[in-house]
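Colleague: I have not looked at this one before. Can you walk me through the charged pairs and then a bit of the fold?
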Amino acid sequence: MKKKLFAFIGLSVLTVGLFAQRIDEKDYHGQKDVSVVYFIREITPENVLKLYEALNEDNSGKIGVKLHFGEKGNKNFLNPELTRPLMEKTKATWVETNVLYVGERRYTDRHLALAAQHGFTFAPIDILDSEGEIDIPTDGMGLKHYKNVKLGKNFVNYDKYIIYTHFKGHGSAGFGGAIKNLAMGFASPGGKMAQHASDYPQINSPEKCVGCSNCVNNCPAAALSIEGGITIDTTKCIGCAKCIAECPLKLFSPKQVELAGSTFMERLVEYAYVAWKIKPMVFINVLANISASCDCSSRAPKPFCGDIGMVASKDILAIDQASFDLVAEQHKCEDPFLKESGKSGLSQLDYAQKLGMGNRKYVLIEIK
Ligand code: SF4
Ligand code: SF4
């Protein structure tokens, strides 16, 4: 395989500041505090497999590929064909969990039907919570928020995972990368609720509401009312962020309370930490169709920057840091997700670093 140093030509003062975590390949001598992230520009099925093979994993055992089938109406989710050579080579199963909010992905039968409609037809699918959830104690892990976490019961049935993630914005988490995919993606609906609880959105410019009821109809907790103007009952809200994704006028946004924001991020990272700690896994992020909203949105928000490529790593923190940096570079902005979705996701990386999930320092090696 021909590998080439990812060259940066004409770095501006801004980009020099942005990529303090990235080191040049010539300065990389296998240091323990620097992780390797492979990068490939062209997004093709063959290149997904090429990236995976760069990680030099063996394909024995039962392998789950964790991905997202895309919400009904969403056009930004990743084309399943991209994973075809990978699925054939690894003989893996696509895995996912049901969501909290109303929609096609809430119940297993409808979730599977939607996956098939979206073209996920050429490999087996396992909805991990289809037979319930499993409580995993976190004793000795040094976590702040959880004594146990609730994952889909079938999570434990796999020997290892390939975490295959569409890297894009997210209304509550700032961005959704590998950490987010693990955190919400393996949690049962009860685990998702445990992460979201107390994190409710705010309503901006309620006088602009046109009374379409889209938020009310999609709220799983009956926490919204449009009688006499849009209001939210914060005693009922479970913080699922569905209204943020569903309002066509974008009247909802994550509540800008610093403590609440970091608490949600810490909860998210702690869920990811437990899954990461228990099972071996490697990571592939695809940087395409990057909009401010995630693939749970039934609308397809316009991407705010062009497609960038794909990255792969054995280090969950390094891959999300590298993905963030590549988007920041493309968007010429220090924090593109803060700018585009009103929420910075960087505290995810801060807390993952604190928990020792990997390195933020990395070397980016381009594969041709
Ligand atoms: S008000 Fe919004 S965030 Fe709260 S439960 Fe309803 S849809 Fe979810
Ligand atoms: S989705 Fe937005 S515009 Fe429609 S009723 Fe809810 S707040 Fe109003």
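Modeller: One term to start with: buried means under 20% relative accessible area, exposed means over 50%, and partly exposed is in between. Also, this is a predicted model.

Colleague: Fine. How does E104 count on that scale, buried or exposed or in between?

Modeller: E104 has a relative accessibility of 23%, so E104 counts as partly exposed.

Colleague: And which residue does the side chain of E104 meet in a salt bridge?

Modeller: R110, with N to O at 3.1 Å. R110 is partly exposed too, its relative accessible area being 35%.

Colleague: Why would such side chains pair at all?

Modeller: Opposite charges on side chains can pair when the charged atoms come close.

Colleague: How many salt bridges are there in the whole structure?

Modeller: A search finds 16. One of them joins the side chains of D27 and K26, at 3.8 Å from N to O. D27 is partly exposed at 39% relative accessible area, whereas K26 is exposed at 60%.

Colleague: What about D350, which residue is its salt-bridge partner?

Modeller: R360, and the closest N and O atoms are 2.5 Å apart. D350 sits in helix α12 (residues 346-354) and R360 in the loop between α12 and β18 (362-367), so the pair ties together parts 10 residues apart in sequence.

Colleague: Is R360 buried or exposed?

Modeller: R360 is buried, with a relative accessible area of 10%. D350 counts as partly exposed at 40% relative accessibility.

Colleague: Which residues are linked with K66 in a network of salt bridges?

Modeller: E71, E96 and R105 are linked with K66 in that network.

Colleague: Changing topic to the fold. Which residues of strand β4 lie on each side?

Modeller: Strand β4 covers residues 63-66, with I63 and V65 on one side and G64 and K66 on the other. These four are all buried, and both faces of β4 are covered.

Colleague: Which residue in β9 is the bridge partner of K66?

Modeller: I163 is the partner of K66 there. Strand β9 (residues 160-166) and β4 pair in the parallel sense, over four bridges.

Colleague: And in what sense do β4 and β5 pair?

Modeller: In the parallel sense, over three bridges, β5 being residues 93-96. Within this pairing, G64 stands opposite T93 of β5.

Colleague: What do β4, helix α3 and β5 make together?

Modeller: A right-handed β-α-β unit, in which α3 is residues 84-90.

Methods
Residues numbered from 1 in each chain as written. Chains lettered and ligands numbered in written order. Predicted model: local features only at pLDDT ≥ 70, side-chain atom pairs only at ≥ 80, totals over all residues. Heavy atoms only, no water. Salt bridge = Lys/Arg side-chain N within 4 Å of Asp/Glu carboxyl O. Buried < 20%, exposed > 50% of the residue type's maximum accessible area, 1.4 Å probe, protein only. Helix = DSSP H or I, 4+ residues; strand = E, 2+ residues; numbered from the N terminus. Pairing = 2+ DSSP bridges. Right-handed = clockwise from strand over helix to strand, strands pointing away.
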